[in-house]
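Dear colleague,

Please find the structure below, followed by a summary of what was found in it.

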Amino acid sequence: MPLAVEPQIEHLLRRAGFGARADEAELYQKYSVNQAVEYLLNYEAIPDDVDSHIGQAGYAGMTTAGPFSPQSRIADARQRWLFRMLHTNRPLQEKMTLFWHNHFATGYTKIAGLTNAAEGARYMAAKPSEDPGGVRGQLEMLRDNALGNFQNILIEIAKDTAMLYWLDGRTNTRAQPQENFGREIMELFTRGVGYYTESDVYAAARVFTGWNLTRPGSAADGSQHFAFTYNANQHDTAAKTFSFPIYADGGKTIPARSAGAGMQDGFDFIAGLVASPETGRYLANKLYRFFVSESGQAPASFVARVGGMFLRTRGDMKAVMREVLLSPEFWSSDAYFARYSWPVEFVIRTLKDVGWSGFSLGDTLTPLSNMGLVLYDPPDVAGWDTGALWFSTGAMLARMNFASALASNQKFRLASAAKPYAKTPDDLLAWATDALVAVPFDRSVLAELSAYLTATGPWTGSDAQLQAKVPGLMHLIAGSAEYQLL
Amino acid sequence: MHGGVAAFTVTLAAPEFLSDLARAQGGRTRNLVILNLSGGNDSLSMLAPYNDPFYRSRRPTLAIPSGSVLQIGTDASGVALGLHPRLIGMRQMFTQGRLALIQRTGYPDQSRSHFLGTDIWSTANPSNASDLGWAGRYMDTLPSPVDPLVGWNTSGSLPHVLAAAHVAVPSIPSPARYAFDSPNTGVEATAERTAATRMNARPPLDNPELAIVYESTQAALATLDRVATVASYNGTVAYAANNGFAQALKAVAGAIVRGIGTRVFFVTTGGYDTHAGQNVNAANGTYFNLMGTLDDGLLAFYTDLQNQGLLNDTLVLSFSEFGRRITENGSQGTDHGAGSVMLAVGGRVRGGLYGTAPSLNPDPGNPTLENSGGDVRFETDFRSVYARVIDDWLGRDSRAILRGDFRPGAPAFL
């Protein structure tokens, strides 16, 4: 159970991380808000050793069919990412990786369907160190660049094997350009819908003609894999004209180039997108909804400041995120609990608050699917429907039922942890609401929780009563509406 | 965020079993099943103008051989049309006069974006794609108190088409999983459920974001027991176990057969964004499988309801965000296009071919095409199809719900 920490630090860790474990609460308590923000941002200084704890005592468990193989089995990859969210000492890196996963939303199922299950997991989740061909899966690339340069991320995404399958760039050729990636890089990754024309889509498709796949390595040692190649023969060398500026001088036309030099088209186009004020605004709005508040629109002042930093730094995401996390909007009392938790945020925070000892992350996968979020498998390239749309009735029941399953799993530990604080029902309730921080409960709701504790008999505080009531209470609180907001 | 997540309340005083109320609100229930083919359906592979010479020249790998199509006759313009060879069940429905195919549906200046396109088809409002859903606006016309099960979304998150101002439609992807679990059993478990119900009884007026979660929880707890009656539904025919779409339709059939009062259902089947490797013709090809999933689910549903005398109470209406480009791309797929085909299935549907097929001649002056002969140009505004459904099936004034008069030119499939 975490110690009580300053409300500001709790707010910061709910948003820039996945809530607070006891050790995180203790660590961050020593920092001022500004120090805590810098500590989160400068995570390179913190050892990246979370994966080395997989399988160790004291950490959440895994359920695998055979040896743990996140580079080739998607269920294992999902559990590894959840393990990182739970146990990392670099919470903002994992949070940004989740943001990018939703931003560049790429689905394992299509890639596995075009290749096979192991290859699908590989291109989404492999670490180069564990892959015989040195493949770095898309999410590892995003994790490596979580607070990197946005222009660099876009270039990496345009060359990413999973993305070349997902948006069909692998088949984008001179004779017959393929529009899927060309459209979405403008609509969803940078400028936003309404800020490009259909003829821009045709031009963007031609920019990326020849950005295809090749297959180096040998089948014998397992190193063979699909990887990006620029296929000059398949590049459309004619000029491409857009409705918006590509170059700093306002030029809208990417000039005709020789096939050999044609890859520069893509770099010019991406640089033009990153330099667009529309892209700065689009990302500032998206960051606002993800990190600050889903109640109302991002204020113009926020968009101007964050979008301005994005443009000035040409997409330095660390500088941009510093602007977000130190913004007056982020620290406004209105922003507290103004964000609907995503299913993974809810699950990880519940694990941090209720406990994970003896619990397997494999037991979160079906509940997460029922809540509407399968990691590595967003519903489409626009990502998940977030905000209030997470809270369909079926998804809300799935949250309540996960809370029930976890409380049941932690039953005996919870009962003994609560025992010193369980002299009266209201003492127990105070202990529980302190452990699971939520939107402050209305007095009438607290009265219902209190009534629950004595609904089936007078309070005795016996072990048997605690083993029934403490898990029941944790179920009700973690499954409450108030606990679903961050 | 899509607009308009509902602000509606169920008080503890509401009767636990509301079918009587549902019946009182509409007499014998007519069901509308909204079917979304998500990703942009390639209507020229579903309903092929197989004798058009440009069909083959513009789609060298994707065109269905004329010997393979399931011929269903000619339309009003004399164009011979055939269903995709995997649509055996749909041909049966067509032959029985219970399937209408409405060709070249769309709207002016059609969006080629998946997301804006879906919003427009969901709201029937191209000028304000964040409007409430058109089916949501219909449900908002029902007299209060509205049964919380008046709508049933079979997908995981609420589709825009069901977004309403006064009705929170439950999302019930699986009736069997729609239950309240407890770490305890017996009276302890019952006490938890009672506490959860009471905790969520009064959505906070001063916190609308939080109130939405209260309302969802309330709606879940208020509908659990009725939904449980559907979980045990087996049907009179087999619904393919490995076909999620068929399983969703099985739940819809169960809800209809059990008479739990639902009026509007939403089902979706995806994978229609066939930019590459569309593979229309090979058994187990991508588009071939899409047609298999669709046909197997629809045929089971159709037969099951027919067996139980409930087909006359049921209307299935499909939509997809856009049709696809006529000329196939270099990836043996098709990019985003415009006009497409809508399907209507039901016991009271006047089956047949509505509208006229496009001529696929790439001449930029071809009036049935747009985008320099690249895409199919709409002939029937999709809102006039909705108007027909609202006026003649749902019994409401379409002009109010659609925010305009789309009755002129509405195809007479009902």
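Chain B contains 12 helices and 13 strands, where helices (H or I, at least four residues) and strands (E, at least two) are DSSP runs numbered from the N terminus. Its radius of gyration, taken over C-alpha atoms, is 22 Å, close to the 22 Å that the globule rule (2.2 Å times the number of residues to the power 0.38) gives for 414 residues, so chain B is as compact as a globular protein of that length.

This is a predicted model: local features need pLDDT of at least 70 and side-chain atom pairs count only at pLDDT 80 or more, while totals for chains, interfaces and linings use all residues. Residues are numbered from 1 along each chain as its sequence is written, and chains are lettered from A and ligands numbered from 1 in the order in which they are written.

Along the principal axes, the C-alpha atoms of chain B fill a box of roughly 70 × 45 × 40 Å. Among contacts in chain B (C-beta atoms, placed from the backbone, within 7 Å) between residues at least 6 apart in sequence, 71% join residues at least 24 apart.

The contact between the chains takes 56 residues from chain A and 52 residues from chain B. On the side of chain A that touches chain B, helices H11 (180-189), H20 (393-409), H23 (443-453) and H24 (463-478) of chain A each supply at least two residues. H20(A) gives the largest share of that side, 11 residues.

For chain A, the domain assignment, which is automatic or from a database, gives domain 1 (279-335) and domain 2 (343-484). The C-alpha centres of these two domains of chain A lie 31 Å apart.

Yours sincerely

Note on methods
Contact = placed C-beta atoms within 7 Å.
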